[in-house]
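Visitor: Hello! Could you take me on a close look at the place where the two chains touch, and then show me how the parts within each chain are arranged?

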Amino acid sequence: MKTEVGQPGLVIPEKDNERVRFEGLTDEDLAQCVHCGLCLNACPTYRETGLEMESPRGRIYLVKAAKEERIPINETFLQHIFLCLDCRACETACPSGVQYGKIIEAARGEAIKAQPGGRLPRFLRWLVFKQIFPFPGRLRLFANLLRFYQNSGVQGLVRKSGLLKLFGGFGQAETLLPKLSSEFFAAPEAEVVPARGETKRRVGFVTGCIMPYFFGETNRATVSVLTRNGCEVVIPKSQRCCGALGVHAGARETAQELARRNIAAFEPYGLDVIISNAAGCGTALKEYEVLLENDPEYAERAVAFSEKVKDISEFLVDIEVDTSFGAMDKRVTYQDACHLAHGQRVRSQPRELLQSIPGLEFVEMKNSDHCCGSAGVYNIVQADMAQRVVAPKVQNIENTEADYVVVGNPGCMLQMDNALAASGVSTRSIHTMELLEQAYQAAESNGHADSDA
Amino acid sequence: MDTRELVARLQSVLAEEHVVHLPEDLIVFERDASIDAQLPAAVVFPRTTAEVSEVLALASELKVPVVPKGAGTGLSGGAVPEENGILLSVSRMRDILEIDVENRTALVEPGVVNLELSSEVKHLGLYYAPDPSSQYACTLGGNVAENSGGAHCLRYGCTINHVLGLEVVFPGGEVAWVGGKAPDAPGYDLMSAIIGSEGTMGVVTKILVKLLPVPEAVETYLAIFENVPDACRAVSSIIGNGIIPAALEIMDQVVTKAIEEAHQVGYPADAGGVLIIEIDGMQEELDEQRDSILSLCQEAGAREIRVAQTAAERETVWKGRKGAIGALGRLAPNYYIQDCVVPRTKLPEIMGFVEDVAARYDIIIANVFHAGDGNLHPNLLFDVRDGDQVQRVIAAGEEIIRACIDAGGSLSGEHGIGTEKQEYMDWLYGEEDLEAMRKLKRAFDPDWLFNPSKVFPTGEGPHAAKIHIGKAPVHATAAAVWK
């Protein structure tokens, strides 16, 4: 019996035939993949499932087949495209230079347009990506409500009630919610934080949309480390969410709008460098040039913007960081956030920073560049796979017997801390900048801080 | 056999999630890393020997063809499914079952990734020697099926030299062990018949392999030549002088340029040929070999010889070399990689011929090969959407194969025959030879169900290389062009 692949009638609904499909994705982008398979074992979901459909090579083939209308864009297609963590480990493994991120993100955009999932997830996605993240005011309101929820005792009641089960993956997300920062990271009124001592550089800082609420400490540490290194830090008030979550989820138009606003927010300051301290945001910001490549008004401005974006660890090593750190009697290991190691090729710099802290014992864990399963909202919408992916990570961290697992992305911190706690492992995550700030403070409390005036 | 009925029967022996049958899923299984494609009826993912046995018993009962598959990184079409057949993937059988340090062996399941075995035993000072370029992803089961080689096979040999025993499920579902920890079992060497049989005799479910101690010292050199034939002469003279390095690998300018884009190894843009030389062993041994190797290279015309200074530099060299085939994707969407072997001394002449063929057919041929073994890998680059170019690629490929056989060589060094080279088997073997091989297969697979349309010439007459990539099948109508 013949299979039905490639038969007409299975394909995309007629009403869609008018518009451009797989916007931004050319046949050449797809032809770059020669099907060699060297990416397979780099892929967390392939390692877990052994399924070609859950591998980079397989997903590219699916996208190609869908674009050629050999297969329909249906629920099955969506499942494979959305089970991808978008961790980009395959890009590191690929000898042919396939831009996998571009392919998967275009496919997600297409999938959402063609057939947006079930009703409740669709509503939640709309609520989260279109109604909350893009608007700082609503995000603040949401954070305040959440703080009330966490502090009032309602959280305990809800967790006991079983109510969360009704929300599927989003219900599981509730248990992943970190405790909100006791003090939100409020951008200073003046939008500019002066350098300590002589001003050597002027840099922009992308605060991240949820970072101020959940990771206020990380942001404060980042700004402090920057000012200690002679940087005047510009924090434009009109900046928005970077759009990464939207791009990953297929909400490309929302992401494009956010990108335009951020470019406009930073442009007037004439900065040379724009700093991100979240790997996922950093990659998205560096890829604005792809996101807006077909926007006549913004294409060039996006290229100029993306060229300026640097991860904080990348930047600090570039400017030869002030190493007047105090001694820290800790054992640490380092987790390569996917969007740092694979997305931005930043691997050596964070390690270099850690190794310059006296007394700090640095041990590599096995497979430090394997994804932890956090992947933006992945651990919320694909909770089962996220748990499978994090299991070997917990084991590898435990084997190092480290006090801290250092990482340059907030999402990874949540994911690993939850998994470590659940497994009874005492190691906790810490952002690279918080550790650096602690090391500076250690120097100060030891009374030989001499570098900052 | 109706597909729905077959799927239902498979689901009666395997859990539902271990049977893939939706057409929109099956499409990703139609190819391996070669240039052929065919949709299967279903793909199964057994986890145990018992499950493999049940699937094979069912296949025999229903007379459904079976193709075993590892990672699908093979280059000759060995894992391309059979029409209306079962594709049996071992990707969920990936446990390392035993590491016996004293006997230096490991017992593994067939889905274990080649490089993962070496990583797993590294802390014991051991490794698994055969290192196909796809070792980051390919499985040991696939390596056994294809008798895979690799860059370091010059000194260490191919898969067959490192396997001690196999658990095999034969057609019909019978399970047996061949070989074992004790060396040289009496009687026929069935294990050697199965290794390299390309999935035509059964499914390997456990593999007992040798582990070697990591060499005390390793040195890697890059010798830069004006052209590939000069580099080939250096290879012959090194081996002719009684030195067997661990690896002798040549890359031409097309390849070094593509690798350079991917990995920034630092190859000079104008170098016609680069020879990678790696020696390993005791430090004293290396000290003795180093000077002679370097002077032999200079005599052959090397204009520069670089030494990898650190382990990281060495790793970059190998990463580039092992990703070379994939890196060709930077130049063209498709490649047709050949695998002929010639006596080493014939290399300069053959490489000159390959260059001539490329010019005559107006195609790009990229060369990256195991020079020490006389094993060529001309990569004929093309775009499957260009029908005329596809025809030229097939014609050029046949000329190269013919020339290698005429030079006293053979069709394949390590990639297997599969579908890619099956029509050329009777260029190398007479009908009596092929019939003897068919009899051997029938002894294991009397119903001719295992990878049934591979390896042997189809008897379709013309030498039609199969290039079917995806929807648009480009089946060369070779009859009009040759013979």
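Guide: Let's start at the contact itself, to which chain B gives 38 residues and chain A gives 34 residues; two residues are in contact if their C-beta atoms, placed from the backbone, lie within 7 Å. This is a predicted model, where local features need pLDDT of at least 70 and side-chain atom pairs count only at pLDDT 80 or more, while totals for chains, interfaces and linings use all residues. Residues are numbered from 1 along each chain as its sequence is written, and chains are lettered from A and ligands numbered from 1 in the order in which they are written.

On the side of chain B that touches chain A, at least two residues each come from helix H2 (23-26), helix H9 (253-263), helix H12 (324-327) and strand S16 (334-337) of chain B. Helices (H or I, at least four residues) and strands (E, at least two) are DSSP runs, numbered from the N terminus. H2(B) supplies the largest share of this side, four residues. By class, this side of chain B holds 19 nonpolar, 11 polar and eight charged residues. Here Ala, Val, Leu, Ile, Met, Phe, Trp, Tyr, Cys and Pro count as nonpolar, Asp, Glu, Lys and Arg as charged, and the others, Gly among them, as polar.

Now for the inside of each chain. Chain A has domain 1 (18-114), domain 2 (192-318) and domain 3 (331-445), with bounds from an automatic or database domain assignment. The C-alpha centres of domains 1 and 2 of chain A are 28 Å apart, and their contact takes eight residues from domain 1 and nine residues from domain 2. In chain B, four residues of domain 2 are in contact with six residues of domain 3.
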